[in-house]
Amino acid sequence: MEGIKKAYPAYLNILDGKKKPEFQIAKQKGILDKKIKQVEKILGSCELCERKCKVNRLAGELGVCKVGITPKIFGAYTHMGEEAELIPSATLFFSGCTMKCDYCQNAPDSMSPEHGNEWFEEDIAKWIEQKFKEGCRNVNFVGGDPTPYLFNMLKALKLCGADTPVVWNSNAYYSEKTAEILKDIVDVYLLDFRYFKEGCARRLSDAKNYPKAAMRNLLGASKDAELLIRLLLMPGHIGCDAKPILKWIKENLGGWARVNLLAQYHPSWHAKKHVELSRRLTHIEYQEVVDYAKDIGLKNLC
Ligand code: SF4
């Protein structure tokens, strides 16, 4: 409980009704409208994520993520499988992703907008309001990845009357421009930190520049709002990715950074293309990482 209190003072205040969520404050100040206009402009030469495809999505051009301008959602429900402090969580799974992870556990639905149902921003706003009435503690925008849908998310929040905290649940592969838009909108950043080595990011997720983008976005998120970091532990990537990531977190975000070490990896999608990813993580490997995290002074593990 001490870890939760240290990680989320503002989020807990929103849940207690002592504070408004950031997007409602932004709406009152006229900031949300300005941000919607800014994102619309970016869509004309899209660089919402680190790929910076520069396609004109407003004119129907598609970039690597293949996301158009209408929300496509492959799942919308009260999620009870997130971290304890977040559940029940009203979770929207957008179809389409900015990364191409060979081991994705939600593929193909997460990978392609064609697998999603079309929603409109009005539908999303009403759905969030209904889930808030039912007792959900937040709205959780995830995918795939929510980044290509930033415009739709902001438009839905403009229509939304619920005082619900906003959770931005992302792979952390978004651009500086997206990070700027998210400021004063998001209450809790729920960010993956997947790779420390550029070569691993390129080989497994076709994600050039991932480590640099993730570090930049984690630092920015920690200054803007509250942050929960997810680290998916993958076999064969303990020494090159997991441990250096934990060391970086300790050195840059401090010992109380909230970190969830995920042991759930199992070979999915095209994982078997990579020898080291063709098996589950062992308990010994998991324990080795937990011990390492504690040894270097991380005190707020989920
Ligand atoms: S969100 Fe990223 S992948 Fe999709 S079109 Fe924009 S820059 Fe390209």
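## Strands, fold and ligand shell

Strand 1 (residues 72-79) runs antiparallel to strand 3 (residues 117-118), with two bridges between them. Keep in mind that this is a predicted model: local features need pLDDT of at least 70, side-chain atom pairs count only at pLDDT 80 or more, and totals for chains, interfaces and linings use all residues. Residues are numbered from 1 along each chain as its sequence is written.

| Partner of strand 1 | Sense | Bridges | Residues facing each other |
|---|---|---|---|
| Strand 2 (residues 89-94) | antiparallel | six bridges | Ala-76 and Leu-92 |
| Strand 3 (residues 117-118) | antiparallel | two bridges | Lys-72 and Glu-118 |

Zooming out, the protein has eleven helices and nine strands (DSSP runs numbered from the N terminus: H or I of at least four residues for helices, E of at least two for strands). Its radius of gyration is 18 Å, close to the 19 Å that the globule rule gives for 302 residues, so the protein is as compact as a globular protein of that length (the radius is taken over C-alpha atoms; the rule is 2.2 Å times the number of residues to the power 0.38). The C-alpha trace spans about 50 × 45 × 30 Å along its principal axes.

Now the ligand: 15 residues sit around it, and Cys-46, Cys-49, Cys-53, Gly-63 and Cys-65 come nearest (near means a C-beta atom, placed from the backbone, within 6 Å).

Further along, just after helix 11, Gly-297 has a positive phi of about 105°.

Definitions and conventions:
Pairing = 2+ DSSP bridges.
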